[in-house]
Amino acid sequence: MRKTSIAGALAAVALLTAGCAVDSKTGSRTGTGAAVGAAAGATVGLLSGNFLASTLTGAAAGAAGGFVYDQIQK
């Protein structure tokens, strides 16, 4: 059940973001933030034993941070 809901949530996010038109700099900063956040979340998840949830949370937080940083730079 949990794996299905996580897969559904990821699919929903992919569909929602697929329709968004962003310039390359915004996409790059958001993607970089998501990658760094996912790496940090994975590290915390390995140490705490909750790998998937920590990785997804880190990726979401990193993407949000990258997007906010991009908006501040504009």
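1. A salt bridge here means a side-chain nitrogen of Lys or Arg within 4 Å of a carboxyl oxygen of Asp or Glu. Lys74 is exposed, with a relative accessible area of 59%. Asp70, in contrast, is buried at 0%. The cut-offs are under 20% relative accessible area for buried, over 50% for exposed, and partly exposed in between (1.4 Å probe, protein chains only).

2. Before going on, please note that this is a predicted model, in which local features need pLDDT of at least 70, side-chain atom pairs count only at pLDDT 80 or more, and totals for chains, interfaces and linings use all residues. Residues are numbered from 1 along each chain as its sequence is written, and side-chain values use heavy atoms, with hydrogens and water left out.

3. Which other residue forms a salt bridge with Asp70? Arg29 does, with the closest N and O atoms 3.0 Å apart. Asp70 lies in helix H3 and Arg29 in helix H2, so this pair ties together parts that are 41 residues apart in sequence. Arg29 is partly exposed, with a relative accessible area of 23%. The salt bridges number two, and they link Arg29, Asp70 and Lys74 in a network.

4. Asp70 also has neighbours to look at. Leaving aside residues within four places in sequence, Asp70 is in contact (heavy atoms within 4.5 Å) with Lys25, Thr26 and Arg29.

5. Now the overall fold. The chain has three helices and zero strands, running α-α-α from the N terminus on. Helices (H or I, at least four residues) and strands (E, at least two) are DSSP runs, numbered from the N terminus. Of the 74 residues, 20% count as buried.

6. Helix H3 covers residues 51-73. H3 has 23 residues and reaches 32 Å from its first C-alpha to its last, close to the 33 Å expected at 1.5 Å a residue; the expected span is 1.5 Å times one less than the number of residues. Its buried residues are Ser54, Thr55, Gly58, Ala59, Gly62, Gly66 and Asp70, and they pack against H2.

7. Finally, do look at the surface. Leu46, Phe51 and Leu52 make a nonpolar patch of about 310 Å². Leu46 lies in helix H2 (residues 24-48) and counts as exposed at 64% relative accessibility. Patch residues have over 30% relative accessible area and no salt bridge, with like charges joined within 9 Å and nonpolar side chains (Val, Leu, Ile, Met, Phe, Trp, Tyr) within 5 Å. Accessible areas come from the Shrake-Rupley method with a 1.4 Å probe; for residues, only the protein chains shown count as cover.
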